[in-house]
Amino acid sequence: MAEKLQAPRGTFDVLPDNAALRTQLIDQIAGPLFAQAGYGRIDTPIFEDTALFARGVGESTDIVSKEMYTFTDQGDRSQTLRPEGTAPVCRAYVEHGMHKLPQPVKLWYEGPFFRQEAPQAGRYRQFFQIGAEALGSDDPALDAESIVLAARLLDGAGVTGARLRIGSLGSGPERAAYSAALKTYLRAHESELSHDVAARIDLNPLRAFDAKHEGTQAVMANAPRLLESISAEDREHFDEVLALLDAANVEYEVDTTLVRGLDYYTRTLFEFTSDKLGAQSGVGGGGRYDGLVEMLGGPATPGIGWAAGIERILAAAEAEAPQAQHPAAYIALDEGADRAAAFALLLKLREVHGLAAQIELAGRSMKGQLKAASRVGAKSLVIFGGGRGQYDAAVKNLTTGEQIELDGLTAGDYYDRIAERVLAGIKV
RNA sequence: GUGGGCGUAGCUCAGCAGGUAGAGCUCCGCGUUGUGGUCGCGGCGGUCGCCGGUUCGAAUCCGGUCGCUCACCCCA
């Protein structure tokens, strides 16, 4: 038996109802929000040099170490399907010399991303994200503006009850000192930690805070906190971000244990969660990445950004699919009708009169055509007669049931007369 | 990769003390030999995931395998 073909594991088809929901989110909600805040849209390639992610995202991250879709192209170059959006945007910023533009440069994007993980609720191998990046300033107001945008997007999308957790990772020597202290602490409790956490004490000790493993959580409850050891300058920056969020009426919880799985984050870090999503509770998140652009070969450039999962936003929002457009006219064909004339009318209604019009395409009975017209919500029905002497065509208002019969198919203005009736709902 | 749950019509599911398959919804037709949304009747549609075993006989029992799903890990 031929094997059944289906969408690859962890991927999905977006069918029309769902597509309408997505289009609405991106075009009606996100687009205007970003435009208002001075963010310009950017689209980067779906795949990039593997080195971009290896360097930018970090070798120690799960994303780079085991989740990338990497392939070798015909030129023997290692390419990778993008697993996240920040590194590519920074690459584009450098490549196009955007540091010469007025700073900060604000960019947003939307599209598919790829990570080879075991799929589960809210986690896919191809998933879609909306993201925003602002480069070239470390003003805390930029952090606040970015976070407010994310919050407003979730609001606009109908996500209720989302929690915003926020923290600061600090920077520089304080962060390095903290990292060393945490490693020492973790090693002292190594036997109580989960296997995974113990194995990456040196690679990425911070992620121990994120473990669900009971023993690990018990250890971490008493672990030293990064937020308490950041520099005075970073603390001041963080406090100002919080003050601005207060001013914006954005609710948040300061979380001293907040960590994220990408290496490039510094200072401000945040995450939106919803309890409507199962184990994958994160709707979106982001933070500051003041060293990333330089790491990618550009000038020292601070930056902040976030990304939110479109599937997760929609799952948390449970929004209704917008209604499809109702056609103004549905053209039905009686047996023996002049099909060419009916087709010509169809195009005339669309192209000359700008109407949404459909024509019978499935060979249904007259009764079936009436049902079909009703089902698609057509306002009017145009019936082409079968040349049995009754009429050439009839226009029926499907709401009122009124019907008028029009003869004179060969007259030059015949289609226009029909269109007139359709537009007027029969009466002229 | 590891563990739990599940795989029967397009969709949602029933059937499982083993006797060769059903419902609802959808779709199409008829009821009005030219006219709809309700209702009634009828029809289309399934190698019961796949392979093997037990049995006179398996969708129903056993083994394997594939797939889906949830969870761990991690993250959008």
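## Charge pairs and surface of a predicted model

Glu271 is buried, at a relative accessible area of 15%. That figure comes from a predicted model. Arg165 is also buried, with a relative accessible area of 16%. The side chains of these two residues, Arg165 and Glu271, form a salt bridge, with 2.6 Å from N to O. Their pairing links distant parts of the chain: Arg165 belongs to strand β7 and Glu271 to strand β9 (residues 266-273), 106 residues apart.

**Salt bridges**

A network also exists. Asp138, Asp143, Asp234, Arg267, Arg288 and Asp290 are joined by salt bridges with shared partners. How many salt bridges does a search of the whole structure find? The count is 23.

Side chains of opposite charge can pair when their charged atoms come close. One case is Arg288 with Asp143, a salt bridge at 2.5 Å, N to O. Arg288 sits in strand β10 (residues 282-288) and Asp143 in helix α5 (residues 140-157), so this pair ties together parts 145 residues apart in sequence. Are Arg288 and Asp143 buried or exposed? Both are buried.

Arg163 and Glu253 give another case, their side chains meeting in a salt bridge at 2.9 Å, N to O. Arg163 is in strand β7 (residues 163-168) and Glu253 in strand β8, so the contact ties together parts 90 residues apart in sequence. Arg163 is partly exposed, at 40% relative accessible area. Glu253 is partly exposed too, at 35%.

**Overall form**

Chain A has 14 helices and 16 strands. Its C-alpha trace spans about 95 × 55 × 45 Å along the principal axes. The radius of gyration of chain A is 29 Å, whereas a compact globule of 428 residues would have one near 22 Å. Of the 428 residues in chain A, 50% are buried.

**Surface patches**

Which residues gather in a patch of negative charge on the surface? They are Asp139, Glu233, Glu236 and Glu240. Glu240 lies in helix α9 (residues 232-247).

Ile46, Phe47 and Phe71 make it, and its area is about 240 Å². Phe71 belongs to strand β3 (residues 69-72).

**Backbone details**

Most residues other than glycine have a negative phi, and most peptide bonds are trans. Some sites here depart from that pattern.

Asp76 has a positive phi, near 65°, and is not a glycine. Its place is the loop between β3 and β4 (78-81). Asn249, also a residue other than glycine, has a positive phi near 60°. Asn249 is in the loop between α9 and β8 (253-254).

Which peptide bond is cis? The bond from Gln103 to Pro104 is, with omega near -5°. Pro104 falls in the loop between α4 (86-95) and β5 (105-114).

**Accessibility of patch and loop residues**

| Residue | Relative accessible area | Class |
|---|---|---|
| Glu240 | 42% | partly exposed |
| Phe71 | 32% | partly exposed |
| Asp76 | 66% | exposed |
| Asn249 | 69% | exposed |

Why does Asp76 count as exposed? Its relative accessibility is 66%, and exposed means over 50%. Phe71, at 32%, counts as partly exposed, because that class lies between the cut-offs of 20% and 50%.

Terms used:
Residues are numbered from 1 along each chain as its sequence is written. Chains are lettered from A and ligands numbered from 1 in the order in which they are written. This is a predicted model: local features need pLDDT of at least 70, side-chain atom pairs count only at pLDDT 80 or more; totals for chains, interfaces and linings use all residues. Side-chain values use heavy atoms; hydrogens and water are left out. Patches are made of residues with over 30% relative accessible area and no salt bridge: like charges are joined within 9 Å, nonpolar side chains (Val, Leu, Ile, Met, Phe, Trp, Tyr) within 5 Å. Accessible areas come from the Shrake-Rupley method with a 1.4 Å probe; for residues, only the protein chains shown count as cover. A salt bridge is a side-chain nitrogen of Lys or Arg within 4 Å of a carboxyl oxygen of Asp or Glu. Lys and Arg count as positive and Asp and Glu as negative; His and the chain ends are not counted. The place of a charge is taken as NZ of Lys, CZ of Arg, CG of Asp or CD of Glu. Helices (H or I, at least four residues) and strands (E, at least two) are DSSP runs, numbered from the N terminus. Buried means under 20% relative accessible area, exposed over 50%, partly exposed in between (1.4 Å probe, protein chains only). The radius of gyration is taken over C-alpha atoms; the globule rule is 2.2 Å times the number of residues to the power 0.38.
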